[in-house]
Amino acid sequence: MTPAAQIAGVVIGIAFVVAGGSKLAAGSAWPPQAVELGAPSVVIPMVPWFELTVGALLAVQVARRVLAVVAFVTLGVFTALIVARLREGKRPACACFGAWSAKPIGAGNVVRNGVLMAVAAVAALP
């Protein structure tokens with residue numbers, strides 16, 4: 001287990017915990033933003049809890065490699081939603097980090113997710 005992979009696991013874990021926690025803290029404001037971003041209604045109630053669970057386990061290095069891949073794929077799906085809305089000319093609120101990301105989506109969100117995906121890829125290393 002390389003130190004870089006361990007540190008990356010903690011970093012991506014913390015990012016997921018913050019994202020999930022901020023969605024829960026946003027209360028009823030977050031689900032409509034997620035719908036506007038294009039998230040399927042059926043998964044919206046589960047997203048914050050999923051992020052909290054994956055993030056907490058990554059932060060404490062439980063199944064780091066597997067969960068890093070899960071985080072990578074999750075971020076890829078979120079990024080695809082953002083890119084799809086941008087291609088449609090729509091700029092809803094990001095809703096990625098609850099009230100902390102209430103600004104309209106843009107290229108910066110794609111770059112941020114790309115960086116997080118790179119961190120998740122490092123966390124997936126042996």
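I began with helix α3, where I found V47, P48, E51, L52, V54, G55 and L58 buried. This is a predicted model, so I am reading computed positions throughout.

**Entry 1, still on α3.** I looked up what lies over those buried residues, and the cover includes α1, α2 and α4. Just after α3 I noted Q61, which takes a positive phi of about 70°.

Helix α4 runs over residues 64-87. I counted 24 residues in α4, reaching 34 Å from the first C-alpha to the last, close to the 34 Å expected at 1.5 Å a residue. Which residues of α4 are buried? My list is R64, L67, A68, A71, T74, L75, T79, L81, I82 and R85. Their cover includes α1 (3-26), α2 (30-37), α3 (47-59) and α5. Just after α4 comes G89, with a positive phi of about 80°.

For a packed pair of helices, I want the angle between the axes and the distance between them. Here α4 packs with α5 (residues 107-123) at an angle of about 165°, and the axes are 8 Å apart. An angle over 145 degrees counts as roughly antiparallel, and α4 and α5 are therefore roughly antiparallel to each other. The crossing of α4 past α5 is left-handed. From α4, the contact uses R64, R65, A68, A71, F72, L75, G76, F78, T79, I82, V83 and L86. From α5, I wrote down A107, N109, V110, N113, L116, M117, A120, A121 and A123. Sorted by class, this contact holds 15 nonpolar, 4 polar and 2 charged residues.

How do the axes of α1 and α5 cross, and within what distance do they come? They cross at roughly 135° and come within 7 Å. That makes α1 and α5 oblique to each other. I noted a left-handed crossing for α1 and α5. The α1 side of the contact is A4, A5, A8, G9, V11, I12 and A15, and the α5 side is L116, V119, A120, V122 and A123. By class I get 11 nonpolar residues, 1 polar and no charged.

Definitions and conventions: Residues numbered from 1 in each chain as written. Predicted model: local features only at pLDDT ≥ 70, side-chain atom pairs only at ≥ 80, totals over all residues. Heavy atoms only, no water. Axes fitted to C-alpha atoms, helices over the stretch in contact; angles between N-to-C directions. Helix = DSSP H or I, 4+ residues; strand = E, 2+ residues; numbered from the N terminus. Parallel < 35°, antiparallel > 145°, perpendicular 65-115°, else oblique. Left-handed = near helix turned anticlockwise from the far one by under 90°. Contact = heavy atoms within 4.5 Å. Nonpolar A, V, L, I, M, F, W, Y, C, P; charged D, E, K, R; others polar. Expected span 1.5 Å × (residues − 1). Buried < 20%, exposed > 50% of the residue type's maximum accessible area, 1.4 Å probe, protein only.
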